[in-house]
Structures are given as C-alpha cells and as structure tokens.
Amino acid sequence: MSLAPAEVLSALQGKFAQVTARPSGDHPAVNVPMADAVALLRHLRDERGFDFLVDVTGIDWDVDASPRFSVVWHLFSTRDHGYLRVVAACASDTEPSAPSVAALWPAADWHERETYDLLGIRFENHPDLRRILMWEGYPYHPLRKDFPLAGIDVPLPDLEVGEVTRATAAPAPMVGGPFVASTGEMNLTEAEPRAKDESWDERKEKPDTL
Amino acid sequence: MPTEYAFPDNAAKTADASQELVSEKMSVAMGPSHPSTHGVLRLQLELDGEIVTKCDPILGYLHRGDEKIAENMTYNQFVPYTDRLDYLAPLANNVAYAIAVEKLANLVVPPRCQAIRVIISEMARISSHLLGLGAFAMDTGAWTVFMYQFTEREKLYKLFEELTGARFTTSYTRIGGVARDLPEGWTDRVLGFCDQFLPILDEMLEMLTRNKIFTDRTVGVGVISKEDAIAYGLTGPNLRGSGVPLDLRKDKPYSGYEQYEFDVPVGSKGDSYDRYLCRGEEMKQSVRIIRQAIKNLPGGAWYAEDAVRIFAPRKDKVLTSMEELINNFMIVTEGPQMPAGEVYFEAENPKGALGFFVVSKGGGVPYRMKIRSPSFCNLSILPKICTGVLLSDVVAILGSFDFVMGECDR
Amino acid sequence: MVTSNTDLAYNTKIEDTLVVTKADAVINWLRSSSIWPMPMGLACCGIELMASGNSRFDIARFGAEVMRFSPRQSDCMIVAGTVTYKMAPHVRRIYDQMAEPKWVIAMGACASSGGMYRSYATLQGVDRIIPVDVYVSGCPPRPEALLDALIKMQEKIRRQPAARELLGGAKAKSA
C-alpha cells in the first residue's frame with residue numbers, strides 16, 4: 001500500500017518546511033534543498049519505513065540550464081511496498097556536488113560512484129569516490145549533455161598497448177545513425193530524420209569548439 | 001661441559017620466527033577474462049595465503065554507453081538495446097522497458113497483451129535461471145548440469161525463435177503492445193515444453209541438492225543477513241535467499257500478475273545454497289504461472305488500439321489508408337509521442353528488480369534514461385562477503401549470485 | 001599387444017610404413033583439425049559461443065571443443081562480444097600471450113565493427129587492436145554461423161605455407 005502523494009508531502013512538510021511537491025508521472029515525489037537532503041533521507045529511512053535505497057542518479061538539465069544538475073534518490077519501503085522519489089538540485093553548475101548517503105545505505109556507494117563517473121557530481125564524505133565504469137584517468141563525464149555520443153579522442157587506458165597498436169579511444173563514426181527526427185518541430189525540414197549527433201566522424205574533422 | 005643447553009629446535013625456531021611470521025600479502029587480479037567471473041568482472045583480491053583479505057570489484061569492462069545511446073534515439077529504437085542488458089533474459093527486459101515507457105504515456109495495454117508479456121517473462125526467467133544454475137554447478141565442479149540445462153535452453157530458444165525471429169536478441173515488445181501476435185499453436189508447444197521440462201528440472205536439481213561436493217562448497221558460504229541484503233539493495237533471488245519475501249510480482253503487481261497464483265520461495269540462512277534453492281523453486285513457480293496464463297489467455301487485441309500516436313498501425317491499414325500511412329511515418333521517424341514527465345518503473349526480472357527511470361520533455365526521445373540494473377546492486381555487496389573467505393569460496397559465491405555483466409555495466 | 005586382426009585398422013602390409021605427402025599438408029592438417037579456441041566471451045555472443053560448444057551444435061565435430069581460458073594453450077581467439085575501450089588493452093595483452101601460430105575470429109557485429117554500439121565507450125571493431133582472420137556477421141551470430149567461420153578458418157589454415165615458416169627460419173619469413 002503506498003501513500004497518496006498529498007499525504008506524504010503534508011507529513012514531511014511538518015518536519016521539513018523546505019520540502020515541496022514535485023510533478024511526477026507515478027510515485028510520490030518531493031523536491032528538497034541540497035542542505036536538507038541527508039536529514040530528510042535519514043528521517044524517511046528511520047521513521048517512515050523507506051528502508052530500501054533503490055537508486056541514486058543524477059540528471060543534467062542541459063548546458064545552459066540553472067540549476068544544471070539534480071540528484072535523484074529513489075526509495076522503496078519493504079513494509080508498505082511504496083516508492084518515493086527525492087530530488088535535490090546542485091548549487092553549482094560548474095562543479096556540482098551533493099552529500100553522500102553511503103553511511104545510511106551501503107548500496108549508495110556504487111550508485112554515487114557511477115553518478116560521479118558519468119555526470120561529474122561529487123559526493124562529499126563518500127568513502128571512496130573513484131570512477132567505476134570508465135577507466136581511472138578518463139578526462140570527461142560522458143552523460144553530460146555537452147559530451148557527444150560519439151565520444152572524444154583520448155588515449156587508451158593502457159598506454160603501452162596504445163603505442164603498439166596505435167589505437168585511441170577515437171570518436172565512433174556516427175555516419176547516418178542513429179536516425180532521429182528532431183522532436184516537437186513540425187517544420188518539415190527540421191523534422192527530417194537525421195543522425196542526432198553529427199559533431200564529427202572519421203572523415204569530418206573535429207570542430208574546434210569542443 | 002656447557003652449563004646451559006641450547007636446544008637446537010628452539011634455537012632454530014627463534015632464529016626463523018622473524019622470517020616465518022612475516023608473510024607478504026599477494027595481490028591477485030581475478031578477471032576480466034576468467035571462466036568463473038561470468039563475463040568481464042574483475043576482482044582485485046588481496047590474499048593472505050588462501051584467505052581473501054580484501055576484495056575490490058572493478059567494473060566497466062562492458063560499459064557500452066546504453067544510457068547515452070537512449071538519449072539519442074526514439075523509444076522504440078531503444079528496444080533492441082534492452083535485449084542486450086541481461087542477455088540471458090531479453091524478453092523480460094523488453095517487457096520491463098515497455099511497461100516503464102507506457103507508464104509515462106499513462107497507457108494501459110489490453111489483457112491479451114498483458115498475458116503474453118507474463119508468459120514470455122516467465123519463459124525468460126526459466127531460461128535465465130537455467131543458465132545461472134548450470135554455470136553455478138560448473139563453478140563448483142559439476143559439468144553435467146551445464147550440459148543438461150543447455151539442452152533445455154535450446155528448446156526454449158526454438159520457441160523464442162518461432163515467436164520473435166531470433167534466438168535471444170528478441171526485441172519483441174513495442175511501446176503499447178508487442179511486435180506481433182502469438183503464432184498459431186505456439187501456446188500448445190509451450191505447454192508441451194513445460195510438461196517435459198519439470199521432470200528434467202527435478203533430475204537436474206537432484207544432481208545438486210543432496211550432492212556432498214556441492215553442499216560442501218555452498219552451505220554456509222557467502223552468508224548474507226536480512227539487514228545487509230536490504231541495506232545493500234539486493235533484489236531478486238539473492239534478496240529472497242536471505243529470507244526477505246520481497247517479490248515485485250506479488251508486492252507491486254504489474255502486467256496482471258495479481259491474477260496468477262504462485263508462491264515466493266525464500267531462503268532461511270542466506271548462503272549460496274539458499275540462493276540456489278530459491279532459483280530452482282522459482283522455475284517451478286514460473287511453469288505454474290505459464291500454465292495459468294495460457295489456460296486463461298484472453299482474446300482480443302494484443303496492442304493498445306487507442307494509442308494511435310504511440311503504436312504503429314497495422315500493415316494492412318498502412319497500405320490502404322492515407323491517414324494511417326502518415327501516422328506510421330510519424331511514429332517511425334519521430335518516435336511515439338510521449339508527454340513530459342518523470343516515471344520510475346521496476347519489474348521483477350530473473351536477476352532482480354530491473355528499473356527504468358525515464359525523464360521526458362515530451363516528444364519521441366527520452367531526455368534521460370537511467371537503468372537501475374539488479375546485477376550492479378547485487379554485486380556491490382561483494383567487498384563485504386568476500387572478505388575472510390577462501391579463494392575457492394569466491395568462485396562459489398560469484399556463481400550463486402548469477403549476475404550478468406551486460407546489465408551491470410550497461 | 002597388437003592382435004592379429006589388423007585389417008580393421010591401418011594395415012602396414014598393404015600401405016607400408018610410408019605415406020608420401022607434402023609437409024605443408026601434414027602440418028596444416030594437424031593444425032586445422034585441432035584448433036583450441038580461446039573463448040574471449042565478453043558479452044551476448046559469449047552465450048552463443050557456449051551454445052555452439054554444447055550438445056545441439058557440438059563444436060567438437062570440428063575439433064575445436066577444447067576451450068582454454070589460458071592464452072598459452074590456445075590457438076584461436078574467438079572474440080565474442082563488445083570490446084570496450086576499457087577492455088581493449090586486456091584483449092590485446094591476451095592475444096600477445098598466445099603462442100604462434102595464432103588466429104582470431106571476430107564473432108558478431110560488435111567485435112567486427114562496433115555494431116549497434118556507436119558510442120564513446122566502445123571500440124569500433126576489434127581489428128583496430130589485433131589482426132582478424134574471419135569476421136562473422138550477426139547480432140549475435142547463430143551457432144551455425146560460428147561453425148561456418150570455423151570451417152572457413154580451417155580452409156585458410158590449410159592454405160598457409162606452414163613448412164616454410166616452420167623450417168625455413170628467418171630467410172623464409174623475410175621473403
């Protein structure tokens with residue numbers, strides 16, 4: 001049995017005045033200031049029965065959006081079988097950071113490492129904030145919106161092998177695919193299906209701006 | 001005559017003690033190419049003799065960028081990528097993904113479509129658990145089960161192929177339905193498979209359940225307590241093996257699972273053996289669900305007929321009606337039109353809860369798609385339970401976890 | 001103890017102790033009918049690789065059932081699955097550790113060309129880091145396709161100047 005969104009909100013607002021409702025397609029969702037996030041999550045875990053941390057992730061709301069990054073926590077209650085989404089916006093658009101909840105749920109450890117790896121959101125007080133999916137020393141955060149799907153040319157993780165094979169982590173040739181029509185645009189020329197990421201390919205030079 | 005005797009033994013011991021007691025710890029990289037890491041997981045182990053003193057899993061050797069790819073294509077175009085998440089149960093992934101996106105569109109598919117999805121999900125569960133079982137048995141030294149289960153899986157592949165055209169990269173679901181209706185006589189062949197499968201399953205389980213070698217390798221190895229299992233976010237048979245009766249099919253029913261009668265097996269101790277027992281029993285329950293679903297298979301449409309801007313129209317209509325032709329063109333090029341919003345949906349997949357967090361700004365392309373993969377969460381407990389065990393136990397623990405790296409690294 | 005009934009087996013009285021053939025033919029025959037694969041099972045294709053090793057497809061019919069996870073004992077690396085940039089150096093190092101002569105089968109679209117994973121993390125074809133002898137199309141290829149690739153590679157091995165390479169030393173190699 002899951003609580004109605006309004007109930008969750010009013011119950012939480014009694015304790016955390018800053019909490020606001022967040023539009024959601026399904027489960028109850030709340031916005032919380034980053035400073036209150038850990039206190040709120042601790043409260044939810046200890047007193048509201050949300051004992052299961054399903055997921056921690058981040059969203060990049062576009063290059064020129066502000067606040068640009070949000071951190072999303074999904075909680076589940078093994079008692080009431082309900083979900084709750086907690087979202088907090090990062091204060092800085094250039095060096096986003098968020099408090100770590102690895103001390104509350106050990107499950108958060110890897111999720112936070114992944115979010116740091118792919119989006120570059122630093123989690124303060126994280127026990128061991130290293131990259132997890134990309135290799136150590138990879139210079140970019142691939143899920144940021146300004147990073148092209150094809151990738152950016154960097155040396156292979158093993159320099160010795162890179163030297164022997166002369167291979168690099170070169171941008172993938174996007175020639176022709178994936179075909180995606182620009183969304184929402186009804187202008188026929190604009191809506192034409194095309195490779196969405198046309199930054200460059202093997203034949204076209206890398207633009208200087210990136 | 002010396003007044004004091006120096007006992008040679010003791011003297012030797014004193015002299016050697018300083019050297020003997022200092023033993024260097026050995027650092028061993030297990031993987032990324034290792035037969036028992038089931039793919040490309042790498043465990044950086046620190047060994048004191050044969051005891052593991054530290055275990056640091058290193059992931060990402062199969063990170064292919066699925067989430068970034070999802071942001072660059074329409075909803076239906078991403079379906080083939082979900083096949084390759086948990087490539088032992090692609091049909092279940094297809095279903096989980098389709099339901100997640102349908103939730104975004106607030107779309108309910110007709111009962112026949114739901115029943116089809118239940119049948120294929122459960123078949124995928126059997127197929128995945130079979131390989132998990134076989135690989136686990138092989139890791140602990142029993143090759144026979146592996147051969148037996150592959151014979152069964154080939155039979156399942158034959159059914160999948162008949163239904164979808166591919167052995168395991170099925171891409172069967174579409175947003176708002178499935179790719180095509182069930183072929184004629186297919187359900188009878190599925191029932192036939194179920195009938196002959198149960199005795200063989202019993203035979204396979206018999207080979208392991210009371211097997212002295214198997215029990216010695218697994219009972220009491222890799223024990224996970226209830227509290228730890230929840231704190232580390234374990235799901236699926238790994239969570240239920242620890243005694244937590246959480247099954248989303250029962251507790252958060254989707255796709256009409258509430259209509260079916262089935263039991264949720266739970267373990268008592270939380271060791272590798274319990275996880276094995278849970279998987280064995282779950283396959284039997286899956287057969288139960290398949291039989292009920294086929295018996296009560298509703299007729300009618302197998303796709304949401306009212307979702308005209310989401311589900312591509314039938315081919316015969318496309319060829320005869322101008323409006324449908326344009327609609328088909330729009331759905332293929334622009335993608336199924338979704339409202340803006342955020343949804344999170346997770347389904348009880350063979351490996352655990354596979355979740356999709358979809359953020360949409362409207363249109364046919366997701367703005368952000370986060371895939372919460374059960375293998376990733378399940379593996380995060382490894383540093384804890386692989387410390388202080390023997391090196392050979394690590395192999396048994398990994399086998400009992402039944403993870404798949406395609407889903408873990410995405 | 002050899003029994004008197006030798007007709008059923010190789011009969012030295014009829015065929016004598018000599019067989020005349022080319023050294024190339026013998027060496028290549030030996031090599032091609034006992035390929036020991038190194039199963040580089042990286043992703044989905046690894047499952048089809050396992051399937052081809054199992055009862056229904058039975059890769060043993062072509063003498064290639066001895067899957068060895070140690071590169072020192074294997075002749076043919078079957079790259080089955082997506083090679084990511086993080087994995088690429090390991091694949092190359094394992095290839096380097098294999099003893100000569102060695103061959104490579106790129107199984108599936110991902111290993112051959114990056115396949116459907118045109119992204120920042122995926123190596124666009126394993127031929128960028130190691131030489132590939134046979135490419136197999138498909139995502140994943142069916143086990144039959146892999147067996148076909150194996151037969152193609154056996155044909156390729158049979159055409160090699162094995163004796164010259166083996167016995168001719170450096171002179172032959174430079175030629």
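Where in chain A does N125(A) lie? N125(A) sits in the loop that runs between β7 (122-124) and β8 (154-155) of chain A, helices (H or I, at least four residues) and strands (E, at least two) being DSSP runs numbered from the N terminus. The phi of N125(A) is near 65 degrees, a positive value in a residue other than glycine. Most residues other than glycine have a negative phi, and most peptide bonds are trans.

This is a predicted model, in which local features need pLDDT of at least 70 and side-chain atom pairs count only at pLDDT 80 or more, while totals for chains, interfaces and linings use all residues. Residues are numbered from 1 along each chain as its sequence is written, chains are lettered from A and ligands numbered from 1 in the order in which they are written, and side-chain values use heavy atoms, with hydrogens and water left out.

One runs from S66(A) to P67(A), with omega near 0 degrees, and P67(A) belongs to the loop between β3 and β4 of chain A. Another links E100(C) to P101(C), with omega near -10 degrees; here P101(C) is in the loop between α4 (88-97) and β3 of chain C.

Turning to the sheets, chain A has an open one of five strands, ordered β1-β2-β5-β4-β3, with mixed pairing (two strands pair if DSSP finds at least two bridges between them). The edges are taken by β1 (20-21) and β3 (52-60) of chain A, each with a single partner strand, so one side of each is left without a neighbour in the sheet. β1(A) and strand β2 (residues 29-31) of chain A run antiparallel and are joined by two bridges, with T20(A) standing opposite N31(A) in β2(A). Helix α3 (residues 108-119) of chain A packs on this sheet and touches β3 and β4 (69-76) of chain A, contact meaning heavy atoms within 4.5 Å. The direction of α3 makes about 10 degrees with that of β3(A); axes are lines fitted to C-alpha atoms, for helices over the stretch in contact, and angles run from 0 to 180 degrees between N-to-C directions.

Chain C brings an open sheet of four strands, in the order β1-β2-β3-β4 and with parallel pairing. Here β1 (37-41) and β4 (134-136) of chain C are the edge strands, each with a single partner, so one side of each has no neighbour in the sheet. Strand β3 (residues 103-107) of chain C pairs with β4(C) in the parallel sense over three bridges, and I105(C) has V134(C) as its bridge partner in β4(C). Helix α6 (residues 143-158) of chain C packs on the sheet, where it touches β2 (76-80), β3 and β4 of chain C, and its direction makes about 155 degrees with that of β3(C).

Now for the interfaces. Between chain B and chain A, 48 residues of chain B are in contact with 58 residues of chain A. About 4500 Å² is buried between these two chains, 61% of it on carbon and sulfur atoms; buried area is the accessible area (1.4 Å probe) that two parts lose on being put together, summed over both. Eight salt bridges are counted between chain B and chain A, each a side-chain nitrogen of Lys or Arg within 4 Å of a carboxyl oxygen of Asp or Glu. One of them links D56(B) to R130(A), with the closest N and O atoms 3.3 Å apart. In another, the side chains of D55(A) and K370(B) meet at 3.6 Å, N to O. D55(A) lies in strand β3 of chain A and K370(B) in strand β8 (residues 368-372) of chain B, so the pair joins two chains.

For chain C and chain A, the contact takes 12 residues from chain C and 26 residues from chain A. The area buried there is about 1600 Å², with carbon and sulfur atoms giving 64%. Two salt bridges are found across this interface, including that between the side chains of R93(C) and D158(A) (2.9 Å, N to O). Over all chains, the search of the whole structure finds 49 salt bridges.
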